[in-house]
Amino acid sequence: MNLILLALAFCIGIAMSAQAAVNSQLAHSMGANSVAAALVSFGCGTAVLLLAALLKGGPATLGASLAALPSQPLWKFAGGFLGAAFVFGSVFLAPRIGLLSLVVLVIAGQLLSSMTIDHFGLINMATRKVSTVRIVGALVVVAGVAITVFGDRIVATMSR
């Protein structure tokens, strides 16, 4: 794998944590309105993506791409709903469970669902069989998540 692409994926992870924290603070400043904060976040993101799409190929290219939308099956629009759920969920949960717990649980969910999608080639993705080594790695990550989320309680219970 290209090292630059791996570094980019790592940076996206950093951005996701920062996004959750920033959006949580936005919600706090908006009277703890998580839905409004998620809406503002999506609005800002939409504006940036519109600018990027226009810079990439101009209005004609964007128009041609958008013209293909009516012929798409409805399930292909689920990404927008899932993205909204992620942003709203992170805005809602970060102040309630803490950023660390939020992020490690998100990572665990992403890890397990990604392995399943890769292994079975779900959602028209290429099939990439999951090896025993990768399963062991995933279990180590899940154990790390459990320790991160419940470790203090476990230690407190054991020291009684």
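Residues are numbered from 1 along each chain as its sequence is written. In this predicted model, local features require pLDDT of at least 70 and side-chain atom pairs pLDDT 80 or more, while totals for chains, interfaces and linings use all residues, and side-chain values rest on heavy atoms, without hydrogens or water.

Helices are DSSP runs (H or I, at least four residues) numbered from the N terminus. Helix 2 (residues 34–67) spans only 33 Å between its end C-alpha atoms, whereas a straight helix of 34 residues would span 50 Å at 1.5 Å a residue; the expected span is 1.5 Å times one less than the number of residues. A bend of about 105 degrees occurs in helix 2 at G58, and the proline P59 follows within four residues; the bend is the angle between axes fitted to the seven residues ending at a position and the seven starting there. At the start of helix 2, a side-chain oxygen of N33 comes to within 3.3 Å of the backbone nitrogen of V35.

G58 is also one of the buried residues of helix 2, which include S34, A36, A37, A38, S41 and L62 (buried, under 20% relative accessible area; exposed, over 50%; partly exposed, in between; 1.4 Å probe, protein chains only). Helix 1 (3–29) and helix 3 are among the elements that cover these residues. Within helix 1, N23 is buried, at 6% relative accessibility. Apart from neighbours within four places in sequence, N23 is in contact (heavy atoms within 4.5 Å) with A37, S41, V87 and V91.

One aromatic pair was found, where rings of Phe, Tyr and Trp (its six-membered ring) pair if their centres lie within 6.5 Å, and planes under 30 degrees apart count as stacked, over 60 as edge-to-face and the rest as tilted. The ring centres of F88 and F92 are 5.8 Å apart and the planes lie at 25 degrees, so the pair is stacked. F88 and F92 are four residues apart in helix 3 (residues 78–97), about one helical turn. F88 is partly exposed at 31%, and F92 is partly exposed at 32%. R96 lies over the face of F92, at 3.9 Å from the ring centre (CZ of Arg or NZ of Lys within 6 Å of the centre and within 35 degrees of the ring normal).

Most residues other than glycine have a negative phi. A32, not a glycine, has a positive phi of about 60 degrees; A32 lies in the loop between helix 1 and helix 2 and is exposed at 53%. For N124, phi is likewise positive, near 60 degrees. N124 occupies the loop between helix 4 (99–120) and helix 5 (132–158) and is exposed at 68%.

Conventions
Helices (H or I, at least four residues) and strands (E, at least two) are DSSP runs, numbered from the N terminus. A polar contact is a pair of N or O atoms within 3.5 Å; within protein, one must be able to donate a hydrogen and the other to accept it, and residues adjacent in sequence count only if both atoms are side-chain atoms.
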